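Look at the model first, then read the points below.

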Amino acid sequence: MNLHQYAETHDVTNQPPSLDGANLYRIDLPLQQWSRHFGAGWAQDRIDAYGALAGGPLMAAGFLANQNKPQFSSHDRYGHRIDLVEFHPAYHELMRTAIEHGLPSLPWVEPREGAHVARASMTYLHSQAEAGSGCPLTMTFAAVPALKLQPELAEYWLPKVLATEYDPRNVGDRHKVGVTLGMAMTEKQGGTDVRANTTRAYPVGAPGPGQAYELVGHKWFCSAPMCDAFLTLAQTDKGLSCFLLPRHRPDDSRNQFYIQRLKNKLGNCSNASSEVEFRGALAWMIGEEGRGVPTIIEMGAMTRFDCMVGSSALMRQALTQAAHHCAHRQVGGRLLAEQPLMQNVLADLALESEAALALSLRMGRALDQPDDPQQAKFARLVTAVGKYWICKRAPAMINEAAECMGGAGYVEDSILPRLYREAPVNSTWEGSGNVQCLDVLRALSKESGVLDVLFDELGDGHSDPRLAVHIGNLKAAFADTGDIQYRARQLTEGIALALQAKLLLEAGNATVSDAFIGSRLSGSGRVYGVLPRGVDVGELVARSTPNWPL
Ligand SMILES: Cc1cc2nc3c(=O)[nH]c(=O)nc-3n(C[C@H](O)[C@H](O)[C@H](O)COP(=O)(O)OP(=O)(O)OC[C@H]3O[C@@H](n4cnc5c(N)ncnc54)[C@H](O)[C@@H]3O)c2cc1C
C-alpha cells in the first residue's frame, strides 16, 4: 500500500498568488499620478526605488519587528541603572533604510519644488511596510522647524539630525554623525491640556532662550525613548517653555532621564512608548521663555501631516491586499472582484484611499511653498482637517478591507490585523479627533483670512453642481456661528470632503471624481459599499488592483 498517497490530503487551490516582493510604487497608479501632479516628478526614480524596498525587505522586516517587541531593562545584572530599550535587528534595518533614503531629512536638505511631496510619498511607502518605526522618523523630521528657532542649538544638532546615517548605539550624541529626536509633552494629568504640565525647569546659570536648565518632573508618554534627544515642555517662572533634552550629558554621562516602563499598547508594537521621569535632567531652552506651546507646535504641525500620510498608507496597503485577494479568489465559481456587491465595496475603498492620498500630498504641496502666505494659511487649516478626517476614516476602512478577505484577513500574516491595530494611534496622538476639530475653529477665528483661503481654494464655479451646492452649504454653515463647537466635527468633515472632491475633480479622472462626489456629498454612505448606481466600479477596482503577474 502506498501510504504517501494518504498523506497528501489536498491540493491548495483558489488562493491568491503571493504579493511578496511587489514594488509598492509600481502597483500604485494613484501614487504615481498624485506625486507627479504635486511637483515630485523629478523624484519618481527615488520613490520607485523605495517602493521596491518597501514591498520587499522592509515588508519582511516589518513582520519581524512587530513579532519581536522592544525589551526594556531598567538595570543591568549588577544593579546599575541603565534605562535601555533593545530592539530586534529588523527594527534597526527599517530605521537605517529610511534614514539613509532621507525620510526624516529630504525637504530640509533639498528644499526644492516637490520635496515635501517626494518625502511624503516615500514615507507613505515605508508606512505600508511598517508603521511603528514611522514614529521616531516623523519626530526627527518634524523637530527641525522648532530646532531652527534656537540657532546656537541648531548649529550643533541640525547637521546630525539631517545626516543620512543611522546610529542606534547607546552612546553620547557627540560620538554620532546621525541622531534621532523624540518628543515628550503629555503628562498624567493632561495630554491635550499641556498647560497643566507640572514638570519644572530650573536655570543652571542665566535663564532664557538657549540656556541650560535642569528639569524635574515626569512624562506619561514618551515614544521612542532611545532617541538621542527630546523636545519637551516644562514650567519656568514665565510659564510653559520648550526644551531640548539629550539622553546623554556633554560629558557622556547618562542624563537624569529615567524610563519607568514601556506601555503595553493596542498596536504600534515595534515602537517603544514609555513613561519617563526627569530628575534634574539637563536641557536647553528652545524659543522664547513662556512660549513653549507655540514653539513645540512647530513640530506638532509636521507630525500631524505625517499622521495624514501614515493613515493614507495604512489604507492603501489594506486596499492593495483586499483588491489582490478578490482578483484571485472565487466564490460560487466566480472571482470576487467580478461580483457586483464586492465591486461596490472595493471601489468604495479605492475612492477612500485615493482621496486620502490626494489630500495628504496636496498638503505636501502647500509645505513646498513656505514663502507663499496663502499656502501657509492653507497648511495651517488643512493640517487639522486632514489629520482629523483621514485618521478617523482609516480604522473602519481597514476593517472593511480585511472583511473582503474573509477569514484570511483576520490572520496576522495577511498584515491586515497589524494595519487595523495601528490605525487608531494616528487619530489619538498629536491631538485627538475633537482636538483637531476645535483647532480648525481656532485657525479660522485666530488667523485672519484662513476662511477666505479655504474658499478661494475650493472655488465655486465648479463643473459639478453637487460640489457647488456642498460648498454653498459649507459657507452657510460657517456664517452661522451658533453652537459652533458642538458642530465642529460636521464642519471639519464638510471641509475635508469638499477639498477631496475638488482635488479629484481637478485631476480629471471623471470616473473617480464622479463616484466620490456621488457617494460622499450625497449624505449617504455610513458604511462602505453603498456607491450609487451607474458608477464604473470595474474601472475603479482595476485602478487599484496590482497587475498580475507583477
Ligand atoms: C501610542 C502613543 C504614543 C504616544 N507618544 C507620545 C509621545 O511620544 N509624546 C507625547 O508627548 N505624547 C505621546 N502620546 C500621547 C498623546 O499625544 C495623548 O494621549 C493625546 O494627545 C491625548 O491626550 P490625553 O491622553 O491626555 O487625553 P485627554 O487630553 O484627556 O483627552 C481625552 C479626549 O478628550 C477629547 N477632548 C479634549 N479636549 C476637548 C474639548 N475641549 N472638547 C471636546 N473633547 C475634548 C480629546 O479629543 C480626547 O478624545 C502618545 C499616545 C499614544 C497612544
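A cavity is a set of grid points where a 1.4 Å probe fits but cannot get out, and its lining residues have an atom within 4 Å of a point. The model shown is predicted. It holds four cavities of 30 Å³ or more.

**Largest cavity**
- The space in the largest cavity is about 70 Å³.
- Its lining consists of Ile82, Asp83, Asn170, Pro225, Arg247, Arg254, Asn255, Phe257 and Ile259.
- β2 (81-86) and β8 (257-262) each give two or more residues to this lining.
- By class, four lining residues are nonpolar, two are polar and three are charged.

**Second largest cavity**
- The volume here is about 50 Å³.
- Among the lining residues are Asn66, Ser127, Gln128, Leu314 and Arg418.
- α7 (115-129) and α13 are the elements that give two or more residues to the lining.
- α13 contributes the most, with three residues.
- The lining has three nonpolar, four polar and three charged residues.

**Ligand site**
- The ligand has 21 residues around it, and Met185, Thr186, Gly191, Thr192 and Ser223 come nearest.
- A polar backbone atom of Met183 lies 2.9 Å from a ligand nitrogen atom.
- A polar backbone atom of Gly191 is 2.8 Å from a ligand oxygen atom.
- Ser223 places a polar side-chain atom 2.8 Å from a nitrogen atom of the ligand.
- Taken alone, the ligand exposes 980 Å², and the protein buries 67% of that.
- β3 (181-184), β5 (212-223), α13 (416-428) and α14 (433-446) each give two or more residues to the shell.
- The shell has nine nonpolar, ten polar and two charged residues.

How values were computed
Residues numbered from 1 in each chain as written. Predicted model: local features only at pLDDT ≥ 70, side-chain atom pairs only at ≥ 80, totals over all residues. Heavy atoms only, no water. Near = heavy atom within 4 Å. Polar contact = N/O pair within 3.5 Å; in protein donor to acceptor, adjacent residues only side chain to side chain. Areas by Shrake-Rupley, 256 points an atom, 1.4 Å probe, with all protein chains shown as cover. Helix = DSSP H or I, 4+ residues; strand = E, 2+ residues; numbered from the N terminus. Nonpolar A, V, L, I, M, F, W, Y, C, P; charged D, E, K, R; others polar. 1 Å grid on protein atoms, 1.4 Å probe; cavity = no way out; pocket = protein on both sides within 12 Å on 5 of 7 lines; lining within 4 Å. Points joined across faces, edges and corners; volume = space filled by probe spheres on them.
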